[in-house]
Amino acid sequence: MSAVIQDRIGLEGALISLPPQIETDQLEDAVVLAPLGSARLPPGYSGITEHTTPAHAFLEHATSILFPVLFVPNVYFSFDRLYELELLWLTGLAIPLALVLADFIGGLVHWGADTYFSEDTPVVGPALIKPFRQHHIFPRDICTHTLVSIVGNVCILAVPVLALCLYLLWVSPHGLIAFAVLCTTLMAAATVATNVFHKWAHQEKPSPGVRWLQRMRLVLEPGHHHVHHTAPFKMHYCITNGWLNPLLNKIGFFRRLESTLHSLGIKPTNTKKTCDSVRM
Ligand SMILES: [Zn+2]
Ligand SMILES: [Zn+2]
């Protein structure tokens, strides 16, 4: 999800009457008092534009450039090492494993952001919790966000990991290290791409290529993701490709995790019903 949202703008020349400095409670009230369907704004959009601090914007842009710079040598050298050791067949395992791991990690972070902490929590509040929670109120805002704003936060976390991977490839000739680096690098790429896939799932008219990827279930399929935006809003947290959602639903993974944390004294902080009745 993208970073801090503060100001409002007109979308296609239309404005919804929201107060200038909007808190989540007020946003929810605004949705209730002035349903978007009756406003002059397309359903699912807030008309709010996002801004972040200059330091955060610099980090987002710098790491968005650094990510491919580190991704390419990590893939090349880990591939090369596996080829030298006649272990190239492991790449056939690395790709699906990386996609499943990315789906799981993205789902875990998404569930955590939807369930725990608050928008006022230092660091993660404005950077992670607030965008996720506002997404439930205005699901289609993500379609108006720039590429850097939706991948930047993940790149900030992924770049140090890829730098460490490159270092490990440099110091160790072991095949297992090369395999682990390849898995981690591909997983990092899928995690960075997760919000792009999420954005595609909310687009009204995705391109034919994107529709094909969605139909093949290689990326998040809109109908599948719609379940997350439907009451009781407690399912389908995985948003890379959603492969793990059926399994996690079946075993009640997130409810069990919540029960375990509850028994340790950690209670959910977000018990509100979201306003996803606006169109996704
Ligand atoms: Zn959510
Ligand atoms: Zn969504």
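**Entry 1: zinc ion, ligand 1**

I worked from a predicted model. I started with the zinc ion (ligand 1) and looked up its donors. They are H110 (NE2), D114 (OD), H136 (NE2) and H228 (NE2), at 2.0 to 2.1 Å. Along the sequence I read the donor spacing as H-x3-D-x21-H-x91-H. The pair H110 and H228 links distant parts of the chain, 118 residues apart. I placed H110 in helix α3 (residues 91–115). H228 sits in the loop between α8 and α9 (245–250).

Next I checked the geometry. The 4 donor atoms around the zinc ion (ligand 1) subtend angles of 93 to 150°. A tetrahedral call needs all angles between 85 and 135 degrees.

Are H110 and H228 buried or exposed? H110 has 1% relative accessibility, so I count H110 as buried. H228 also comes out as buried, with a relative accessible area of 1%. The cut-off for buried is under 20%.

**Entry 2: zinc ion, ligand 2**

I then turned to the zinc ion (ligand 2). Which residues coordinate the zinc ion (ligand 2)? I found H135, H198, H202, H225 and H229, each through NE2, at 2.1 to 2.2 Å. Their spacing along the chain is H-x62-H-x3-H-x22-H-x3-H. Here the pair H198 and H225 links distant parts of the chain, 27 residues apart. H198 belongs to helix α6 (residues 175–202), and H225 to helix α8. I noted both H198 and H225 as buried.

**Entry 3: nonpolar patch**

I looked at the surface next. L164, Y167, L168, W170 and V171 make a nonpolar patch of about 590 Å². I picked W170 from this group. W170 lies in helix α5, which spans residues 147–171. Its relative accessible area is 77%, so W170 is exposed. The cut-off for exposed is over 50%.

**Entry 4: R217**

Where is R217? I located R217 in the loop between α7 (208–215) and α8 (222–226). R217 has a relative accessible area of 41%, so I put R217 down as partly exposed.

I also listed the contacts of R217, setting aside neighbours within four places in sequence. They are H224, N241 and W243. The C-alpha atoms of R217 and N241 are separated by 6.4 Å. Along the chain, R217 and N241 are 24 residues apart.

Technical notes
Residues numbered from 1 in each chain as written. Chains lettered and ligands numbered in written order. Predicted model: local features only at pLDDT ≥ 70, side-chain atom pairs only at ≥ 80, totals over all residues. Heavy atoms only, no water. Patch = residues over 30% accessible without salt bridge, like charges linked within 9 Å, V, L, I, M, F, W, Y side chains within 5 Å. Areas by Shrake-Rupley, 256 points an atom, 1.4 Å probe, with all protein chains shown as cover. Salt bridge = Lys/Arg side-chain N within 4 Å of Asp/Glu carboxyl O. Helix = DSSP H or I, 4+ residues; strand = E, 2+ residues; numbered from the N terminus. Buried < 20%, exposed > 50% of the residue type's maximum accessible area, 1.4 Å probe, protein only. Contact = heavy atoms within 4.5 Å. Donors = N, O, S within 2.8 Å, 3.2 Å for Na, K, Ca; no water. Tetrahedral: all angles 85-135°; square planar, octahedral: opposite > 155°, others 65-115°.
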